[in-house]
Each structure stands twice: as structure tokens, then as C-alpha cells.
Amino acid sequence: MKEKAQVKTAPDPVAGADEVRQAIAALTEAESVKLQIAADGAAYRLRRRVFSVDPKEIFNEAIARVLDGRRHWQPRKVDFLGLLIGVIKSIEFEWRKQAKRPENPVLETDLSDSNSDGDPIPNRIQQAADLRPGPERELIQNEQITQEQLFEQLEEFFSDDALAALIFSEWRRGTKGPEIMKALDLDRQQFDTAVRRMDRAIKKHWPEGMPDVC
Amino acid sequence: MSADTNRSKMDLETLFDNLAEAVEHAPPEDLLAEAKVAGQDTERIAANVKNTLLDAVRNFEQRKLHAARHAYRERSTELSRKRFALPDSAVERRKMLIDAAATDQRVARVTAKFRDLRELSDEDVRSALEDLMDLGAFDQSAELYDDGNK
């Protein structure tokens, strides 16, 4: 049997700065709003662990990744909105992971010390942690809660939204989204809309970021 | 479900992923409608997003430019360390530039904007030579003029 001739095709071109500019200019109002909501959400979720992350920083990083080649954008294959949503998701995932497992090892010199009065002196890691003032942050520091306690609180928030409460309860049981949709006879849009109501309720209750859990 | 008696099978990271997915999968028009219902100024939001993204492109380019400038300065510093002096006399300097333009295409391209090198002011000749030296355009030819000028 003859082997099929291998046809060499030119690789899809990767976009440069001018093409990225054109794509930005072509974003619709709805697409731009979607990007803002995605970046806001990522920044909000990162705020628990990474100091002073704001959506602008995420946008900057996303564009840098596209332009420096860490994320190749092939306009013929991927639309710009889809690309940026994917990059924002990667950034959030990576930064969450890095915050969890710092790249730099913890040195002895990084460990807590105390002054002559015996009061603890914050080490480099503590200094880098999110220590912004504010009553909510103080509450978080004073009352670190367990994950289960946090989830209990969340279930209470959703108690006046039957669908959201049900979805959250199923998540806690380990049920995945598609199974929940099937069981509750929901389409993707109805499911996502309910989840976004949860998201807004969380942000409304903890505008500075969710409490850290131990 | 009681948390004390029946621990969640979901962790916080999974909750975050679930929340993010609800935006990722959403049609932009749905999110736009929700934002409008919430009373947000979506036109302003959209304009800000575009400006932020365009600024990010500009920032990236500027960082690249700064990096290139930095590399150039490093190279210039390195060159200046081993730099030869330009000829002392204005006549010699002009001759150096004219000779280099005649024999080195790179120099000729740079000096092509000047109609006649003989009409350049002495200061312009010196400046052009310094720029070309910094760029390494005619290191070898410059060395020819280095004799006796240090």
C-alpha cells in the first residue's frame, strides 16, 4: 500500500501588534462587557491570595502573552474574544496555583521573628500578603473560617434563590454541571444564569474578596 | 446537607472554576443584558475595556522598545570603552565620513538623506560619525583613522 503523500502546508500566521489592535477596535459592546466581567471575576477570586490584583493587570498580562508569543493567536482559527477569555482563564489558574505553591522556596530568613518586646515582626511573605485595611479584611484576619463554614454561609445567601441554592447544594455533593442540568431539566443558559446570580451575591456580600479558609 | 456530618465533595478551587465557567460559556449578549438590567453604563465599560487593551498593547511595545534601548545603551557603553577618538581636524572627520559612505553601503544608506556630505556642518559630520560608530556601522574603517589620535 502506498503511503499517502505528505502535503506540507505553511503554518497559520500568528498575529502581531497591528492585528491585535484591529481586533480590539472590532470588539462589540457586548464582547467588551464580557471581557470586563471575566477579568473582574478573575481578579476577585485572586484577591484572596494575590496582593492587589486588578482587572487591568490581568488585561495587561493577557495582551503581553499574546504579543510575546506565549499564547499564539491564529486569527483564522480562533476569534479574538475566545482567545482572550481563554488567556484570562489561564492567568487566573496559574496565579492561583502560584499563590498556593510559591515558586520561591521559603527560607529560614523568611520565617517570623520578634522584636525586643516579643511582638512578632512580619516576615517577607507576610508583608507580601494582602494586608489592606478595612473592616472586612480585619474580620477575615480575625476570623478565618473553614471551607465548610464558608460553604454553609454561601448556602444561606442563596436560600432565597431556590435554583441557585439547589445547584450549590448539588455542587457540594460533588455533582457536575451537566448532570445537574440534566436532572433539573435546565439548558446551559438557564444554568449559567443561575450561577452568575450566585457570583453576584458573593461579590455583593464580600466586595473585598471572599474570606480565606483554613 | 449538614457540613458537620457530611463534608463537601467540592473544594473552593472547584467553586471558583464553576463560577468562572458561567461567564466563559455565556453569550456576550446575555451578559450585556444582565449588566444593563443591573444599571451599569455598558457603553462606558466597553470603551474602558478597549482603551485598557490598547494601552496594554502600547505598554508591551514600549517595554520592547525600552529593552531594545537598554541593549543599545549597553552596546554603546561597551563600544565607548574601546572607542577610538575621532580625527581631531574637521577636514579629517569629513573625509572619514565621505570615504566611509563611498566604500560602505550601510554608511551610504544612512547618509543618503544628505544631498552633499561636503555641505554638512562640522557639527553634523561629527554627530553622524558618532551615531554610526555607536551603531558599529564602520568599526573597521574607523580604526583606520585611529592611529595617532588617542
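**Entry 1: α4 and α6 of chain B**

I looked up how helix α4 (residues 90-103) and helix α6 (residues 122-134) of chain B are placed, and found that their axes come within 10 Å and cross at roughly 50°. The model I am reading is a predicted one. I noted the hand of the crossing of α4(B) and α6(B) as left-handed.

I then listed the residues that meet. From α4(B) they are Ala90(B), Arg93(B), Arg94(B), Met96(B) and Leu97(B). On the α6(B) side I wrote down Asp122(B), Val125(B), Arg126(B), Ala128(B) and Leu129(B). By class, the residues of this contact of α4(B) with α6(B) are six nonpolar and four charged, with no polar ones.

**Entry 2: α2 of chain B**

I checked helix α2 (residues 28-37) of chain B for burial and found Leu31(B), Leu32(B) and Ala35(B) to be its buried residues. Looking down the axis of α2(B), I see these buried residues within an arc of 100°, so they line one face of the helix. Just after α2(B), I found Gly39(B) with a positive phi of about 80°.

**Entry 3: α8 of chain A**

I ran the burial check on helix α8 (residues 162-172) of chain A. The buried residues there are Ala164(A), Ile167(A), Phe168(A), Trp171(A) and Arg172(A). Seen down the axis of α8(A), they fall within an arc of 140°, so I record them as lining one face of the helix.

What covers the buried residues of α8(A)? I found that the cover includes α7 (147-157), α9 (177-184) and α10 (188-205) of chain A, and also α1 (12-24) of chain B. Just after α8(A), Gly174(A) takes a positive phi of about 95°.

**Entry 4: where chain A touches chain B**

I looked up the contact between the chains: 45 residues of chain A are in contact with 39 residues of chain B. On the side of chain A that touches chain B, at least two residues each come from α1 (17-25), α2 (29-46), α3 (55-67), α4 (80-100), α7, α8 and α10 of chain A. Which helix gives the largest share of that side? I found α2(A), with twelve residues. I sorted the residues of this side of chain A as 19 nonpolar, ten polar and 16 charged.

Terms used:
Residues are numbered from 1 along each chain as its sequence is written. Chains are lettered from A and ligands numbered from 1 in the order in which they are written. This is a predicted model: local features need pLDDT of at least 70, side-chain atom pairs count only at pLDDT 80 or more; totals for chains, interfaces and linings use all residues. A residue is buried if 20 or more other C-beta atoms lie within 10 Å of its own, exposed if 12 or fewer, and partly exposed in between; C-beta atoms are placed from the backbone. Helices (H or I, at least four residues) and strands (E, at least two) are DSSP runs, numbered from the N terminus. The arc is that of the directions from the helix axis to the C-beta atoms. Two residues are in contact if their C-beta atoms, placed from the backbone, lie within 7 Å. Ala, Val, Leu, Ile, Met, Phe, Trp, Tyr, Cys and Pro count as nonpolar, Asp, Glu, Lys and Arg as charged, and the others, Gly among them, as polar. Axes are lines fitted to C-alpha atoms, for helices over the stretch in contact, and angles run from 0 to 180 degrees between N-to-C directions. A crossing is left-handed if the near helix is turned anticlockwise from the far one by less than a right angle, and right-handed if clockwise.
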